[in-house]
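This report covers an annotated site and the strands beside it in the sequence. The structure comes first, followed by the notes.

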Amino acid sequence: MSKSIFIEHANQLITLKGKSNSPRVGKQMSDLQIIEDGAVYIESGKIVEVGKTEEIKKKLGGKLEGIKHIDATGKIVTPGFVDPHTHLVYAGSREEEFNMRLNGASYMDIMNNGGGIHATTFMTRNASSKQLFNESKRRLDQFLLHGVTTLEAKSGYGLEWDSEMKQLTVAKELNAVHPIDIVSTFMGAHAVPKEYKGCPDAYIDLIIEEMLPHVAKNELAEFNDVFCERGVFTPEQSRRVLEAGKRLGLTPKIHADEIEPYEGAELAVEVGAISADHLLKISQKGIQLMADKGVIGVLLPGTAFFLMTEAADGRKMIDQGVPIALSTDCNPGSSPTCSTPLIMNLACIHMGMTPAEVLTATTINAAYGINRGNEIGSIEIGKKGDLAILNVPNFMQLLYHFGMNHTHTVIKDGEIVVQGGKLCYPSR
């Protein structure tokens with residue numbers, strides 16, 4: 001049972017309290033609802049009181065005696081960060097491809113010559129469940145140290161049922177023992193496996209007829225994703241996968257318009273996807289449709305940075321009304337990082353987003369991007385006690401000091417899991 005915690009004297013308590021149960025758009029993304037000299041009282045894992053320190057002390061009185069007090073003087077308190085797009089569970093690494101790109105090879109060149117996703121597929125298929133668990137747990141610990149309390153994790157490095165199931169099962173096992181909550185996505189349509197080269201429709205048939213029913217029956221995932229890109233899966237093939245998943249109760253997500261305009265955003269709207277992700281080459285029509293239907297744009301500035309390409313135009317999408325979230329896209333090929341603070345900095349520098357918009361995009365909008373906006377993503381009464389205490393006096397400094405981790409304390413479900421920048425959680 002979680003013990004009661006009282007956080008007091010936060011220089012800035014960034015609540016992100018909203019006026020509606022929906023992701024923030026436009027100017028709403030700049031409204032952080034900051035309380036100076038703020039306090040939060042958490043009981044049984046839930047937020048019970050939020051306000052100014054002296055007001056909460058006066059209201060609660062003797063109830064605060066004998067419980068854990070955390071002095072946040074000189075620090076800011078934010079909701080725990082949420083990452084709505086990761087490829088957490090995989091084996092091995094691909095540092096040699098980084099050198100190849102520095103020597104002129106493109107991401108698709110590498111993939112079409114047996115590297116990229118195919119290289120990680122080989123390593124993941126051949127890894128034991130224990131190896132996958134241990135490698136992924138190390139990544140989860142890094143996420144936690146950087147203030148992340150909930151993340152999405154995709155399969156997609158198996159590309160055949162036994163290995164896809166292995167990834168999804170490991171994610172489920174990690175969710176049971178690690179403080180971070182893991183929300184699973186099935187992504188069997190991440191690439192056409194080598195054994196189906198030249199026969200993508202046959203592989204799509206396999207996903208629809210065999211893999212997706214197993215995922216749904218065994219409750220291994222909540223979302224269903226597809227890489228809609230020229231040379232991977234066409235919009236029509238992607239539609240087939242997403243519609244088949246919907247019939248089985250899996251919510252669509254889509255990797256869209258990353259390398260060239262390919263009507264991925266338009267397809268996301270058509271199938272009722274919760275989000276369209278990447279969007280480096282989104283069309284104007286796609287932007288308008290997403291804004292009209294409230295489809296969340298999950299932007300991944302770390303991927304563009306690591307691949308040395310132009311980032312998605314976050315500024316344009318926000319100004320035109322698309323609800324924007326941010327993610328690390330943690331994966332071995334195009335964004336091998338677990339640092340949400342770095343992603344936040346990159347969104348400011350390369351996407352034209354403001355510090356306030358970035359905080360919204362990594363908390364409440366990211367929570368809505370994985371259908372958790374009513375539970376996490378803001379510091380409001382009744383929500384989970386998921387918070388980060390950061391060793392900066394104001395949120396502007398958090399984004400001003402780039403490439404640094406200012407996380408001091410992380411609280412998950414009302415339990416302290418990081419303290420003084422060090423892990424301190426027991427296994428569940």
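## Asp-329

Leaving aside neighbours within four places in sequence, Asp-329 is in contact with His-85, His-87, His-278, Leu-300, Thr-303, Ser-334 and Ser-335; contact means heavy atoms within 4.5 Å. This is a predicted model, in which local features need pLDDT of at least 70 and side-chain atom pairs count only at pLDDT 80 or more, while totals for chains, interfaces and linings use all residues. Residues are numbered from 1 along each chain as its sequence is written, and side-chain values use heavy atoms, with hydrogens and water left out.

Asp-329 lies in the loop between strand 13 (324–326) and helix 13 (340–351). Helices (H or I, at least four residues) and strands (E, at least two) are DSSP runs, numbered from the N terminus. Asp-329 has 2% relative accessibility and therefore counts as buried; buried means under 20% relative accessible area, exposed over 50%, and partly exposed in between (1.4 Å probe, protein chains only). The Asp-329 side chain makes polar contacts with the side chains of His-85, at 3.0 Å, and His-87, at 3.4 Å. A polar contact is a pair of N or O atoms within 3.5 Å; within protein, one must be able to donate a hydrogen and the other to accept it, and residues adjacent in sequence count only if both atoms are side-chain atoms.

## The annotated site

Which residues does the UniProt annotation "binding site" cover? The unreviewed entry gives His-85, His-87, His-255 and Asp-329. UniProt positions are given in the numbering used here, feature names are shortened, and annotations may be inferred rather than shown by experiment. The four span 245 residues in sequence, yet no two of their C-alpha atoms are more than 12.3 Å apart, so they gather at one spot. Of these residues, His-87, His-255 and Asp-329 are included in the lining of the largest cavity. On a 1 Å grid over the protein atoms alone, a cavity is a set of points where a 1.4 Å probe fits but cannot get out; lining residues have an atom within 4 Å of a point.

His-87 is placed in the loop between strand 6 (81–83) and helix 2 (95–102), and counts as buried because its relative accessibility is 2%. Its side chain makes a polar contact of 3.4 Å with the side chain of His-85. Not counting residues up to four places away in sequence, His-87 touches several residues, including Lys-154, Tyr-157, Met-187, His-190 and His-255.

His-255 lies in strand 10 (residues 251–256). It too is buried, at 3% relative accessibility. Its side chain is joined to that of Asp-225 by a polar contact of 3.1 Å. Among the residues that His-255 touches beyond four places in sequence are His-85, Lys-154, Met-187, Asp-277 and His-278.

Strand 11 (residues 275–278) pairs with strand 12 in the parallel sense over three bridges, with Asp-277 opposite Val-298. Two strands pair if DSSP finds at least two bridges between them. Strand 12 and strand 13 also run parallel, joined by three bridges, and here Leu-299 stands opposite Leu-326.

In a regular strand the side chains alternate between the two faces of the sheet. In strand 12 (residues 296–299), Ile-296 and Val-298 point one way and Gly-297 and Leu-299 the other, and all are buried.

Definitions and conventions
1 Å grid on protein atoms, 1.4 Å probe; cavity = no way out; pocket = protein on both sides within 12 Å on 5 of 7 lines; lining within 4 Å.
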